[in-house]
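Open the model in your viewer and keep the sequence panel beside it. The tour goes stop by stop: select, look, move on.

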Amino acid sequence: MDFTGSSGGGSDHRQIEESKPLLGEMSATEGSKMGAARCRRPLLHCNGMRYKLLQEGDIQVCVIRHPRTFLSKILTSKFLRRWEPHHVTLADNSLASATPTGYMENSISYSAIEDVQLLSWENAPKYCLQLTIPGGTVLLQAANSYLRDQWFHSLQWKKKIYKYKKVLSNPSRWEVVLKEIRTLVDMALNSPLQDDSIHQAPLEIVSKLLSENTNLTTQDHESIIVAIAPLLENNHPPPDLCEFFCKHCRERPRSMVVIEVFTPVVQRILKHNMDFGKCPRLRLFTQEYILALNELNAGMEVVKKFIHSMHGPTGQCPHPRVLPNLVAVCLAAIYSCYEEFINSRDNSPSLKEIRNGCQQQCDRKPNLPLRLLHTSPDLVSQEATLSESRLKSVIVTSNEIHVEVERNNTANQKMTANVGNDSEPNLIDCLMVSPTCSTMSIELSAQADRILGCYVEILKMLSDYDDWRPALASLLQPIPFPKEALAHEKFTKELKYVIQRFAEDPRQEVHSCLLSVRAGKDGWFQLYSPGGVACDDDGELFASMVRVCNNVHILMGSCYKTKKFLLSLAENKLGPCMLLALRGNQTMVEILCLMLEYNIIDNNDTQLQIISTLESTDVGKRMYEQLCDRQRELKELQRKGGPTRLTLPSKSTDADLARLLSSGSFGNLENLSLAFTNVTSACAEHLIKLPSLKQLNLWSTQFGDAGLRLLSEHLTMLQVLNLCETPVTDAGLLALSSMKSLCSLNMNSTKLSADTYEDLKAKLPNLKEVDVRYTEAW
């Protein structure tokens with residue numbers, strides 16, 4: 001920037017005070033102007049002030065028309081012409097007033113401004129700027145010194161940016177262009193203006209320059225990237241610049257620019273980007289950068305080090321946006337592997353066609369829509385009557401993908417059962433035409449195969465971090481992959497590692513994500529279950545989903561040991577469960593025993609088949625004998641007789657309660673008080689075996705949410721429940737909504753919220769007495 005002033009004024013830091021002149025008289029020679037500029041630059045930056053870029057504001061304007069030779073005399077006079085107030089806008093190419101009258105009737109183009117200076121002199125208005133234009137001078141007077149300096153730096157910035165836009169719009173020699181880019185970057189870095197647009201403006205200029213000149217050499221590419229690198233440390237690249245970076249990653253993945261310049265840029269994107277939906281090219285750039293890392297000699301080891309650098313050395317990643325952004329990049333990359341096939345659905349079977357039986361290639365209609373097709377019932381019934389021995393095969397091809405679907409009469413039987421259902425078919429059912437006879441293989445191109453392998457490996461890496469696993473499981477719970485990927489044997493086989501990590505995690509928020517995200521939609525549990533489209537291990541992964549430490553189950557211990565889950569399993573997966581139990585799988589044996597214990601199976605023949613399955617193995621025989629022993633004890637416990645009221649002594653434990661209830665029959669017990677004892681949720685296993693229980697007092701015990709959920713499933717006839725001063729929360733209290741017989745409920749001094757209280761009142765019609773004192777709902 002060019003400034004004028006005396007050398008003495010430039011050396012004194014105190015001259016920036018409001019009462020002191022900032023600049024002396026303008027020198028008539030260019031040489032003295034340049035000398036003053038070198039002296040003046042440190043004066044403007046020594047105060048360390050920072051300003052926001054002005055776009056508009058109120059300021060006083062005075063225009064003096066004069067020959068340049070009379071300028072110094074006019075400025076030193078004690079009298080100036082009148083001042084006009086204007087609301088001035090700093091547009092991209094000119095200085096304009098909101099009220100174009102008087103001095104500002106015409107806008108002042110930045111190209112017409114020869115110089116911008118700070119100006120102050122004795123016996124004259126303070127806080128002025130001097131704009132030198134052909135044939136005169138424009139004086140701008142601000143309200144204070146800070147606003148004056150803000151206007152000064154904003155005008156200088158707008159003028160310089162306007163100049164660089166013009167210079168770089170018509171490049172002649174690229175060595176000159178590169179020099180101008182470096183100067184532009186230095187100007188942005190050293191500007192006292194603090195605004196997002198200060199660093200973005202040069203990036204946009206360079207981005208436009210590159211988009212209009214596509215015939216650059218590789219050396220020019222790298223020189224420009226290195227030149228703008230300092231601006232990228234704290235700013236996202238614009239969309240066009242992202243395209244340029246992507247091209248460089250694809251064409252020169254082994255370039256040092258990828259490691260040295262792009263790495264901090266991608267790290268910043270992953271740490272701070274909030275929505276790839278608004279900036280899809282940032283995601284594409286990140287995707288291409290990771291693929292470039294994978295092309296290096298070390299390959300996935302380099303990618304692994306990069307992922308570790310994003311997580312950090314500690315056990316907890318300090319950047320909450322890194323994982324969601326990485327997952328978004330992985331999902332987009334995996335989708336791109338199957339994109340050509342997805343977009344060419346005019347040659348591919350739709351979901352409903354896969355379920356109902358595809359037409360022959362010659363009979364298929366061209367240009368199938370993306371929505372699911374509804375096969376006519378006549379066609380379905382006609383195909384369902386084909387010979388049992390006939391195999392139908394449909395070959396679906398595209399430029400990169402080859403799909404073969406084979407079906408037999410088993411598929412047709414399943415198809416006939418679904419005739420007349422026009423709703424969108426279940427994803428897993430569409431892929432799983434027949435558990436035993438359906439095969440679907442997808443062959444990707446070599447490039448798509450490399451991309452798929454790279455990003456599935458990244459998902460595996462992410463699942464290895466304990467702090468990332470809960471969020472990763474939640475993000476993958478809706479199965480956010482195209483059906484073509486789920487039908488691809490290689491993909492589901494590789495992804496199996498991630499699902500295994502979820503199943504082995506003891507935290508409920510992790511393994512519960514293996515279930516479907518909502519009712520009526522399949523989840524990973526169904527996908528990898530025996531007979532599922534992704535199951536290739538005879539149910540080993542399925543068994544591990546409900547097992548922990550080869551003894552007590554993870555999933556069953558938290559959310560699966562419920563009647564609802566067992567009922568769903570009996571309806572949909574009973575055959576696979578019996579098959580695994582027949583092979584001696586302990587977890588499946590335990591599931592079958594629980595089905596018998598909770599009376600899940602109503603059909604006598606099915607019950608006998610389960611018993612026969614259990615008795616066919618040693619582990620099954622042992623567990624079934626234990627079940628029979630428990631059932632005998634339960635019948636003895638529930639036998640009519642015994643007291644109707646029972647109060648356990650204070651400080652009694654779960655073991656004391658179990659010992660007491662096993663001592664005789666309590667079939668008549670209606671009122672049980674465990675107040676001020678040390679019982680926990682574990683005693684719920686014994687409480688649910690009391691068929692006549694109507695009143696339960698748990699005041700000041702350690703009975704929690706898990707026990708409350710179990711009670712709500714079995715003691716549906718309970719009328720009075722006292723939970724005062726227990727550690728129950730909304731998670732357990734919401735389960736009480738199924739206990740329609742409740743008349744009195746004490747939740748005094750619990751963690752009850754107002755919303756849960758309102759929900760309970762709406763769902764418990766017989767509730768008459770409620771105590772919610774000392775809660776949020778009070």
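How many bridges join β5 to strand β6? Select β6, residues 128-133, together with β5: five bridges link the two, and they run antiparallel. Strands here are DSSP E runs of at least two residues, helices are H or I runs of at least four, and both are numbered from the N terminus.

Before going on, note that this is a predicted model, in which local features need pLDDT of at least 70 and side-chain atom pairs count only at pLDDT 80 or more, while totals for chains, interfaces and linings use all residues. Residues are numbered from 1 along each chain as its sequence is written, and side-chain values use heavy atoms, with hydrogens and water left out.

**Stop 1: the sheet**

Stay on β6 and pick Q130; Q117 stands opposite. Now show the whole open sheet: seven strands in the order β4-β3-β2-β1-β7-β6-β5, with antiparallel pairing. Strands pair if DSSP finds at least two bridges between them. β4 (108-109) and β5 (115-119) are at the edges with a single partner strand each, so one side of each has no neighbour in the sheet.

Contact means heavy atoms within 4.5 Å. Axes are lines fitted to C-alpha atoms, for helices over the stretch in contact, and angles run from 0 to 180 degrees between N-to-C directions.

**Stop 2: a helix pair**

Select α27 (574-582) and α28 (586-597). Their axes come within 8 Å and cross at roughly 125°. The two are therefore oblique to each other; that class takes what is left after under 35 degrees (roughly parallel), over 145 (roughly antiparallel) and 65 to 115 (roughly perpendicular).

Show side chains. L574, C577, M578, L580 and A581 in α27 meet M588, V589, L592 and M595 in α28.

**Stop 3**

Go to P727, in the loop between β14 (720-722) and α34 (730-733). P727 is partly exposed at 36% relative accessible area; buried is under 20%, exposed over 50%, partly exposed in between (1.4 Å probe, protein chains only). Leaving aside residues up to four places away in sequence, P727 touches T701, Q702, F703 and G704.

Next, F676, between β12 (671-673) and α32 (684-687). Its phi is near 65°, positive in a non-glycine residue.

Finish at S749, in the loop between β15 (744-746) and α35 (754-763). Phi of S749 is near 60°, a positive value in a residue other than glycine.
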